[in-house]
Amino acid sequence: MDEATLRAYDRVAPDFAAEWEAQPAPSDLHDAVRRFFLPGPTADIGCGSGRDAAWLWEQGYPAEGFDASEALLAEARRRHPAIRFRHAVLPGLEGIAPESLANILCETVIMHLEPATVVPAVARMLEILVPGGVLYLSWRVTEGTDRRDGYGRLYAALDPRPVLEMLEAGGILLDEEADSLSSGRPIRRVVARKALA
């Protein structure tokens, strides 16, 4: 995780959490989950305020949220006390067992990673999925070079080709670029299945 981004989230976590919770429901994300997710244990990696983890739980997925920011985790626990939230940092995600999850939701997180760690992060998420499990991955589209916003958060200009090549082994179920119906910002959304063997 990019250190300046993590400091930004820790510094003003209540403001970020309030902003995310107030956004319109991400019905595009919800549609993709309903189409592709499997029954079983589900993780929201980079859960932020916990909004999506709570929605997953309400839909019948035994969901757990993970985030690198202790301050955001505190917000998530306060806002959604029925859900379990734990500290875990990409790319390593220490403490999550291999082949322990049916689904992973990683919504607009990997653009906050140092570019060299994106492929290892995706590889680790695949490792913790069961064979045939489903990974939902999205990131903010940044044209040209890496950028930082006014808070200092990194928005890396990702080359998607290495990620897509890695995901092809199990099959890419969805690959689209669109404006998020929640944030209104352009994102790339990819849903893929982990190879069976």
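At what angle do helix 2 and helix 5 pack, and how far apart are their axes? Good morning, everyone; let me answer that and then walk you through a few backbone details.

One word on the source before we start. This is a predicted model, so to speak: local features need pLDDT of at least 70, side-chain atom pairs count only at pLDDT 80 or more, and totals for chains, interfaces and linings use all residues. Residues are numbered from 1 along each chain as its sequence is written, and side-chain values use heavy atoms, with hydrogens and water left out.

Back to the helices. Helix 2 (residues 13-22) packs against helix 5 (residues 70-79) at about 50 degrees, and their axes are 9 Å apart. Helices here are DSSP runs of H or I with at least four residues, strands are E runs of at least two, and both are numbered from the N terminus. The axes are lines fitted to C-alpha atoms over the stretch in contact, with angles from 0 to 180 degrees between N-to-C directions. That angle makes helix 2 oblique to helix 5; under 35 degrees would be roughly parallel, over 145 roughly antiparallel, 65 to 115 roughly perpendicular, and the rest is oblique.

Who touches whom? On the helix 2 side we have A13, P14, A17, A18, W20 and E21, and they meet A71, L72, E75 and R79 of helix 5. Contact means heavy atoms within 4.5 Å. Sorted by class, this contact has seven nonpolar, no polar and three charged residues. Nonpolar covers Ala, Val, Leu, Ile, Met, Phe, Trp, Tyr, Cys and Pro; charged is Asp, Glu, Lys and Arg; the others, Gly among them, are polar.

Helix 2 has another partner. Helix 1 (residues 3-11) packs with helix 2 at about 85 degrees, with axes 5 Å apart, which makes the pair roughly perpendicular. Here A8, Y9, D10 and R11 of helix 1 contact A13, F16 and W20 of helix 2. That gives five nonpolar, no polar and two charged residues.

Now the loops. Between strand 3 (84-87) and strand 4 (101-106) sits P91, and the peptide bond from L90 to P91 is cis, with omega near 10 degrees. L93 is in the loop between those strands too. L93 has a positive phi of about 45 degrees, although it is not a glycine.

Is L93 buried or exposed? L93 is buried, at 0% relative accessible area; buried means under 20%, exposed over 50%, and partly exposed in between, using a 1.4 Å probe and protein chains only.

Finally, T108, in the loop between strand 4 and helix 6 (118-128), also has a positive phi of about 45 degrees without being a glycine. T108 is partly exposed, at 25%. Thanks, everyone!
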